[in-house]
Amino acid sequence: MVRSSHPRSRRIAPAVAVFAAAALTLAGCSSSSGGKKSEEGGSTSAAGTADTPRMTVALVTHQGPGDTFWDIVRKGAEAAAAKDNVKLVYSADPNAGNQANLVQNAIDQKVDGIAVTLAKPDALKGVLAKAGQAGIPVVGLNSGLADWQDLGLLEFFGQDESVAGEAFGKKLNDVGSKKAVCVIHEQGNVGLTQRCDGAKKTFRGTLDTLYVNGTDMPSVKSTITAKLKQDGGIDHVVTLGAPFAMTAVQSVADAGSKAKIATFDLNKDLTGAIEKDEIEFAVDQQPYLQGYLAVDGLWLHKNNGNYSGGGEQPVLTGPAFVDKSNVKSVAEFAAKGTR
Amino acid sequence: MSVTRQPEPAVTAPPAPGPGQSDGRTRRRSLPVRLLARPEVGVFLGAVAVFVFFLIAAPSVRQGGSMATVLYQASTIGIMALPVALLMIGGEFDLSAGVAVVTSALTASMLSYQLTMNVWAGVIVALAVSLGVGAFNGWVLVRTGLPSFLVTLGTFLILQGVNLAVTKLVTGNVATDDISDMDGFAQAKAFFASSFDVGGVQVKITVVWWLVFAALATWVLLRTKYGNWIFAVGGSRESARAVGVPVTFTKITLFMLVGFGAWFVGMHQLFSFNTVQSGEGVGQELIYIAAAVIGGCLLTGGYGSAIGPVFGAFMFGMVNQGIVYAGWNPDWFKAFLGVMLLGAVLINLWVRRAATRR
């Protein structure tokens, strides 16, 4: 009954579309500016490879799909793996329970080391104990600064979000801000909240919080615009991720506001915006470094018995400030997607 | 929602007591009552209530510029809510609509960038891809007879994975490259993402497109044969087929209409923000469906209008921005949003019931 009685008719539309696309390509309607052709042939850092025995490292993060930040972490980890003759197994899930399962999966594979983010440390407690029983060394990265030692991890590489927030607040004082708004793109994310709270602590002006829907850019744009219109006194918009800073530039223009924009985290568009004075400064926790050091730390531990940070102190990768004075030195690396 | 599927109101109504009206079934109801029984009137009153509420509660809403911001937010939801509503009247819904927007934007951006072509080439290929995704949804649905929940959930997951994997494969990053310096960009931006001045207020072009599409959809639904087919297949697929309605054609083209909407909104996002992150769009499908349902479309199909979702999207944008304009404690943001939307839907429901009970 349901099976179609009109089998022939609608094959034509897609075929026409594909044909039109092909014709367009052949017709050579090429762009004379921008595009792939204008991109500089970036040189990849190709240092020598270690001759140590091949080992396997699992990197398990709480990344949501399609986030530029985590892509940079992963690239750092891949670079270290390539140099250290390490086979890298990457997996990620933003849901804490699922992330714990992925760690269990790594234990089952009998990897030689696990690097893990501790966004929700309690959920990982049980499975990390199992890794300990199995004799697999575990290092932490990115989040979990307060918990890594209690959970029996070897080393930790990351940024203290509160410290980064406090540094951010001080920088806002330095640039003469009186009233700022902190834009949180994921309601309930502990790290993002710590950033805003840290900034609130050291900032001498007032700092409001604003929640936006991070998966819908037009909505982010109009919500920031609305906030700027509601409160004309805001002189700085603080975003917690690079893509949101780029959107805030448009919101400020739409609202006819004079507010400046400062942000956490970098990407390649953002360095351009700092050069063009659209964005005042960014605080960078160097995600590439986090991924790189975590893998390298495990390699050093296995092959030379080292403990980064002495096994007592975390290795901090941020906060590093990027503004007009030093953006040039960072921009070329950001263009390759590694800063 | 079953409450709203009451039989014809005149049948349940008691016979009119007055002289001159012998039979309740032929009684002409007064104009206000007939108006109130229309699917979009409840949501219209809900939207007015929300609007007036924020006019009082949030002083900055009273500026012209604020209304432009609310309308902009409403338009990006509303353009998608229209085809989603038509599809829902036709008895199906589409969970892949949110990520399909991002798929379209990614396609256009990567194609023009990687092949260094005029951006319009990417725009046209993206249209073909979007229509293709819609046709695929519709084709699988009519061929297999599976519910649209399953089919479009599958497409939703496929597209989500493909968006990420292909972007990473092609660009080496999870976001696309900036295409703002390429040929055709300025034109395309003018078409999809420009703004114009009305009495000192910057109004986004999407607002105009939204209203144009709404007018078109209303005309199609109420004045064309195709519009009748939509109501017919949504009401009962078998009866529709029995009276000669091309059910397969109607369902597939409805899904393709959603594809068209996804393309349009995707192009807006691309030319508005220059780059696209591959993880966006997840969860938006529920907002489109919500706007259509608030706008008086039934989840069971066969009932609704095209103008209702316009008010539904407006209400969503108004509540979303109004909370910010009012400067309320943002920790409660989502809760406020939910309460206001539920309240608005209840007004909607109450009006429709009151109107049909007479």
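A salt bridge here is a side-chain nitrogen of Lys or Arg within 4 Å of a carboxyl oxygen of Asp or Glu. With that in hand, here are the close-up views of this predicted model.

**View 1. A salt bridge joins A:Lys268 to B:Asp177.** The closest N and O atoms of A:Lys268 and B:Asp177 are 2.5 Å apart, so the pair falls within the 4 Å cut-off. Between chain A and chain B the count is three salt bridges.

**View 2. Chain A meets chain B across an interface with 15 residue pairs in polar contact.** Here 56 residues of chain A touch 61 residues of chain B. Together the two chains bury about 5,200 Å², with 53% of that area on carbon and sulfur atoms.

**View 3. Turn to the side of chain A that touches chain B, where H8(A) gives the most, with eleven residues.** Other elements that each supply at least two residues include helix H1 (12-27), helix H3 (68-83), strand E7 (206-211) and helix H10 (268-275) of chain A. By class, this side of chain A holds 14 nonpolar, 25 polar and 17 charged residues.

**View 4. The largest cavity holds about 100 Å³ of space.** Lining this cavity are 17 residues, and the closest to its centre are B:Ala100, B:Ser130, B:Val133, B:Gly259 and B:Ala262. The whole structure has three cavities of 30 Å³ or more.

Terms used. Residues numbered from 1 in each chain as written. Chains lettered and ligands numbered in written order. Predicted model: local features only at pLDDT ≥ 70, side-chain atom pairs only at ≥ 80, totals over all residues. Heavy atoms only, no water. 1 Å grid on protein atoms, 1.4 Å probe; cavity = no way out; pocket = protein on both sides within 12 Å on 5 of 7 lines; lining within 4 Å. Points joined across faces, edges and corners; volume = space filled by probe spheres on them. Contact = heavy atoms within 4.5 Å. Buried area = accessible area lost by both parts, 1.4 Å probe. Polar contact = N/O pair within 3.5 Å; in protein donor to acceptor, adjacent residues only side chain to side chain. Helix = DSSP H or I, 4+ residues; strand = E, 2+ residues; numbered from the N terminus. Nonpolar A, V, L, I, M, F, W, Y, C, P; charged D, E, K, R; others polar.
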